[in-house]
Amino acid sequence: MDDPVSAVGNAAPSASGRAEAAIEALIVERKLLPGARLPSERALADTLGVSRNILREAMNRLVSRGRIIIRPRAGAILAEPSAQWTQAMIAEPLAPLVEGNPGYGHDIFEVRESLDGTAAYHAARRADAVDKDRIRRRFDAMEKLHAAGDVAAEAHADAAFHLAIAHASRNAVLTHVMSSLFGLLHTSISQTREKIYAVPRTFEELSAQHRAIMERIVAGDAEGARDAADVHLEFVRTTVRRVEDDLARAERAAAAPDLGTIR
């Protein structure tokens, strides 16, 4: 038997369980990103010092968790963070609320205040050249899509920019949560942009803020990156509030009786 269990309740990790943990450690050590190919079965078995049977058991455990994907001729591929549970328990129930009542967007802002600044801080500390290049490309995509006038695609690119930062944080939990909330993030950003673009020179402000976040991350300035993210969210929150107040005031004025006709 490869996996002896000494006693129920105090069982030592099985050989395949230890191999699974070793593969996870290897992924972190080599900074492998989703889509990256793991070493071949033979190379992994040699690296971990386990038999191929034990390695296959460990790989099957990773597949069942959605951690890796086995593809013919391609081998084991590191999967995108699975967000099924969070999507079903959090994002899906909230989606119709956010779409039906834009006020829920303010609740999303509060969550983003906790996530975005932390993501930017850790991204500045941990991002490698690949991460930084990905963030730059997401930023460039926003600029190009704005120039093309594609508002929906621009909102998607905006969300992707922030998710690229979360990914660069190297915090699996943070990345998982933000990935699972991508739909809500996209909806929130779409609604926000529709409102704040009514304010002159908003894009220039947003672009400068996004650029500041990116540059602080690239420079490795963790505190500066967090501060830049906080400034960005506060600007968006304040601008949205101002636009909503102006719209509400206009609606109240339109609904008020014409005092000139009252006798």
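Biologist: At what angle do helix 6 and helix 10 pack, and how far apart are their axes?

Modeller: In this predicted model, where local features need pLDDT of at least 70, side-chain atom pairs count only at pLDDT 80 or more, and totals for chains, interfaces and linings use all residues, helix 6 and helix 10 pack at about 170° with their axes 10 Å apart. Residues are numbered from 1 along each chain as its sequence is written, and side-chain values use heavy atoms, with hydrogens and water left out. Axes are lines fitted to C-alpha atoms, for helices over the stretch in contact, and angles run from 0 to 180 degrees between N-to-C directions.

Biologist: Why is the arrangement of helix 6 and helix 10 given the term that it has?

Modeller: Angles under 35 degrees count as roughly parallel, over 145 as roughly antiparallel, 65 to 115 as roughly perpendicular and the rest as oblique. The angle is about 170°, and helix 6 and helix 10 are therefore roughly antiparallel.

Biologist: Which residues make this contact?

Modeller: Contact means heavy atoms within 4.5 Å. Helix 6 contributes Lys132, Ile135, Arg136, Phe139, Met142, Glu143 and His146, while helix 10 contributes Phe203, Ser207, His210, Arg211, Met214, Ile217 and Val218.

Biologist: What makes Phe139 and Phe161 a pair, and why is the pair called tilted?

Modeller: Rings of Phe, Tyr and Trp (its six-membered ring) pair if their centres lie within 6.5 Å; planes under 30 degrees apart count as stacked, over 60 as edge-to-face and the rest as tilted. By this rule the count comes to one aromatic pair. The ring centres of Phe139 and Phe161 are 6.4 Å apart and their planes stand at 55°, so the pair is tilted. Phe139 belongs to helix 6 and Phe161 to helix 7, 22 residues apart, and the pair links distant parts of the chain. Both Phe139 and Phe161 are buried.

Biologist: Why is Lys31 called partly exposed?

Modeller: Buried means under 20% relative accessible area, exposed over 50%, and partly exposed in between (1.4 Å probe, protein chains only). Lys31 has a relative accessible area of 44%, and is therefore partly exposed. Lys31 lies in the loop between helix 1 (15–29) and helix 2 (41–48), with a positive phi of about 55° although it is not a glycine.

Biologist: What makes Arg170 partly exposed, and where does Arg170 lie?

Modeller: Its relative accessible area is 26%, so Arg170 is partly exposed. Arg170 lies in the loop between helix 7 and helix 8 and has a positive phi of about 60° although it is not a glycine.

Biologist: What makes a set of residues a nonpolar core, and which members of the largest one touch the most others?

Modeller: A nonpolar core is a set of buried Ala, Val, Leu, Ile, Met, Phe, Trp, Tyr and Cys residues joined through side-chain atoms within 4.5 Å. The largest has 25 residues, of which Ala120, Ile135, Phe161, Ile165, Met178, Ile213 and Ile217 touch the most other members. Helix 7 gives the most to this core, with seven residues. A second, separate core of 16 residues includes Leu44, Ala45, Leu55 and Ala76.

Terms used. Helices (H or I, at least four residues) and strands (E, at least two) are DSSP runs, numbered from the N terminus.
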